[in-house]
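This briefing is arranged by topic for a reader who has the sequence and coordinates at hand.

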Amino acid sequence: MRDYQSLEFEYRASPDQRAVEPVRHPVIVVGAGPVGLALAVDLAQRGVRTLVLDNDHKLSTGSRAICFAKRTLEIFDRLGCGDAMVDKGVSWSRGRVYFGADEVYAFDLLPEAGHERPAFINLQQYYVEGVLADRAAELADRLEIRWCNAVTGVEQRDDGVVLRVDTPDGPYALQADRVVACDGSRSAVRSLLGLESQGRVFRDRFLIADVTMHAPGFPAERRFWFDPPFHPGQSVLLHKQADDQWRVDFQLGWDADPVVEREPERIVPRVRALLASIGAGDTAFTIVWASVYTFACMRMASFRHGRVLFAGDAAHGVSPFGARGANSGVQDAENLAWKLAQVERGDAQGDAADALLDSYAREREHAADENILNSTRSTDFITPKSKVSRLFRDAVLDLSREFAFARRLVNSGRLSVPAVLDGSSLNTPDDARDAFDAALRPGAAAADAPLRRGAERSWLLRECGRDFTLLVFGRAPAWAQALPRTTTLAIDGSDVIDVDGHAAVRYGAQPGTAYLLRPDQHVCARWRTPNEAVVRAAIARACGHAALRSTEAVC
Amino acid sequence: MLITTPNMAAPDDFYEALIDAHRDLSDEQSQALNARLVLLLANHIGDFAVLKEVLAAARSTLKHQP
């Protein structure tokens with residue numbers, strides 16, 4: 001794979017910079033990080049002309065976000081990027097937790113067979129961005145990235161947004177139907193609009209370092225130590241990444257000096273002690289990147305402000321424990337892409353357009369709250385804020401050596417899973433007469449399963465359509481052909497075979513059971529005995545048509 | 001539903017055993033023991049609704065709360 005870390009993108013002047021009147025674009029995405037690039041690729045795949053502005057001309061400096069979760073990989077699959085990332089990344093599902101010198105708890109995040117993607121891959125952020133940027137280049141007829149274009153002004157008007165942009169050739173102005181701010185935790189767009197992200201700042205410092213070493217004997221597992229002998233009183237996290245790079249994360253405490261701790265002469269003995277404790281004291285290593293960070297759990301009150309939408313770190317922030325930052329940002333992007341595409345293509349207009357864009361904000365604010373809750377709980381366990389909090393934390397860890405129940409209380413990070421969009425206005429609630437399990441209720445991300453199409457092996461999520469998908473267990477009803485914007489997938493009917501029976505189990509299927517999946521592969525309705533009227537009503541509802549909100553009125 | 005009416009067959013035996021469990025411990029060790037007792041008992045109860053009642057009942061009897 002290319003050396004994305006040192007890759008530089010050329011600034012090119014655009015004819016827009018010489019235009020007398022600001023040139024209008026349908027959608028402008030601010031920020032070419034993983035969230036902005038994923039959003040832009042998704043929009044372009046849906047036929048929306050998209051312009052990305054980035055204030056820099058490089059990809060991520062340092063590995064930064066490294067843990068990409070199963071759901072995020074499934075999104076990258078839809079964007080045509082998943083294989084390259086999974087091939088390059090380090091797949092893992094197991095984690096081990098140590099207290100002192102002893103292992104107290106191990107977990108497997110994907111204990112069942114029949115999934116194409118692992119629970120996680122570890123892959124440096126610049127690779128993820130590089131693969132997305134390569135994909136963006138394939139879509140260049142609809143997708144343009146302008147490097148060294150820094151947004152310096154945002155003006156919201158009734159009919160559009162005007163951006164002031166600074167470049168090496170001087171400033172110019174642009175107009176857009178809609179602007180999506182994916183410009184990170186210090187979002188320029190957010191501050192230019194006078195908006196804030198608010199929450200809790202944690203008074204603790206962490207050293208994060210990438211070291212290169214050849215250690216083929218070490219398993220690709222997440223390892224977390226509470227109070228290890230080689231770093232007493234603090235926590236340590238170890239992850240394996242691509243290119244024989246390892247991520248180490250040392251808790252330092254609030255009083256640590258962030259400048260001094262970044263010096264190699266401080267880092268080397270810490271890493272050496274860690275390696276010695278796992279029987280690799282002789283292993284040669286080099287430090288390739290280091291940073292000392294603090295973090296906060298925060299979010300904006302609303303992710304939509306008229307024609308400006310916020311996604312990723314610009315909208316919300318979490319601690320790194322749980323890998324909920326970049327993963328939730330990419331999940332924001334995929335939630336927004338299909339809705340914005342419907343609005344830009346004119347499929348959703350007026351109130352429906354507003355309802356769809358508002359549903360993005362409400363659904364992802366709900367997801368952010370869930371991520372912040374999990375992240376805050378992990379942080380409170382890892383860095384207790386009071387004597388009594390520390391007392392209970394240490395009691396849990398001590399008990400966990402002896403008693404299984406206490407291992408469930410040990411919290412070294414609850415790792416990213418997609419939020420269930422409970423309560424969304426786009427969901428059609430289950431009919432009270434239909435008995436279903438809760439796992440794949442309306443709002444849940446669809447579960448993958450191995451399938452066979454003819455002689456070919458396939459996967460349920462790869463068989464889904466670009467817009468809506470009606471999964472039918474058994475033969476598809478004749479009326480399904482005429483459903484708007486909907487691909488029908490008949491499992492064990494005419495299209496695909498549920499080879500190992502995983503799909504039937506995961507979806508609690510009986511003959512005739514149907515699930516309606518949104519373009520972002522979240523379930524929005526399901527039935528034991530669907531008919532054309534209820535399915536059409538559910539599609540309309542998921543497209544923001546408030547007039548058809550009541551399914552009772554339609555059936 | 002949290003039981004707050006008498007539910008122990010041998011209340012005096014339990015109380016003596018509880019105090020005995022703390023014998024010869026420093027204040028710090030007693031605190032650590034109490035934390036372990038809370039966690040073990042909470043798991044035994046299991047039901048989060050009951051545990052919330054326990055927390056509320058204990059807190060409500062504290063004097064001079066903020």
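**Domains, cores and contacts**

In this predicted model, the centres of domain 2 and domain 3 of chain A, taken over C-alpha atoms, lie 47 Å apart. Chain A is divided into three parts: domain 1 (15–94 + 116–198 + 299–377), domain 2 (199–295) and domain 3 (450–554).

**Interface between chains A and B**

- Contact between the chains involves seven residues of chain A and six residues of chain B.
- On the side of chain A that touches chain B, helix H9 (387–402) and helix H10 (404–407) of chain A each contribute at least two residues.
- H9(A) gives the most to this side, with five residues.
- By class, this side of chain A consists of seven nonpolar residues, with no polar and no charged ones.

**Nonpolar cores**

- The largest nonpolar core has 126 residues, and A:Leu39 and A:Ala311 touch the most other members.
- Helix H7 (residues 326–345) of chain A supplies the largest share of this core, nine residues.
- Domain 1 and domain 3 of chain A each provide at least three residues to this core.
- Not counting residues up to four places away in sequence, A:Ala311 touches A:Val35, A:Leu39, A:Val180, A:Cys182, A:Gly329, A:Asp332, A:Ala333 and A:Leu336.
- Another core, of 28 residues, lies apart from the largest one; among its members are A:Tyr98, A:Phe226, A:Val248 and A:Leu399.

**Packing of H7 and H8**

- H7(A) packs with helix H8 (residues 350–382) of chain A at an angle of about 170°, and their axes are 9 Å apart.
- Angles over 145 degrees count as roughly antiparallel, and H7(A) and H8(A) are therefore roughly antiparallel to each other.
- The residues making this contact include A:Asp332, A:Leu336 and A:Lys339 of H7(A), and A:Leu356, A:Tyr360 and A:Arg364 of H8(A).
- Eight nonpolar, six polar and four charged residues make up the contact of H7(A) with H8(A).

**The loop residue A:Pro171**

- A:Pro171 lies in the loop between strand E10 (160–166) and strand E11 (172–181) of chain A.
- A:Pro171 counts as exposed because it has 12 C-beta neighbours inside 10 Å.
- Leaving aside neighbours within four places in sequence, A:Pro171 is in contact with A:Thr152, A:Arg164, A:Val165 and A:Asp166.
- A:Gln17 is 154 residues from A:Pro171 in sequence, while their C-alpha atoms are 7.8 Å apart in space.

How values were computed: Residues are numbered from 1 along each chain as its sequence is written. Chains are lettered from A and ligands numbered from 1 in the order in which they are written. This is a predicted model: local features need pLDDT of at least 70, side-chain atom pairs count only at pLDDT 80 or more; totals for chains, interfaces and linings use all residues. Domain bounds come from an automatic or database domain assignment. Two residues are in contact if their C-beta atoms, placed from the backbone, lie within 7 Å. Helices (H or I, at least four residues) and strands (E, at least two) are DSSP runs, numbered from the N terminus. Ala, Val, Leu, Ile, Met, Phe, Trp, Tyr, Cys and Pro count as nonpolar, Asp, Glu, Lys and Arg as charged, and the others, Gly among them, as polar. A nonpolar core is a set of buried Ala, Val, Leu, Ile, Met, Phe, Trp, Tyr and Cys residues joined through C-beta atoms within 7 Å. A residue is buried if 20 or more other C-beta atoms lie within 10 Å of its own, exposed if 12 or fewer, and partly exposed in between; C-beta atoms are placed from the backbone. Axes are lines fitted to C-alpha atoms, for helices over the stretch in contact, and angles run from 0 to 180 degrees between N-to-C directions. Angles under 35 degrees count as roughly parallel, over 145 as roughly antiparallel, 65 to 115 as roughly perpendicular and the rest as oblique.
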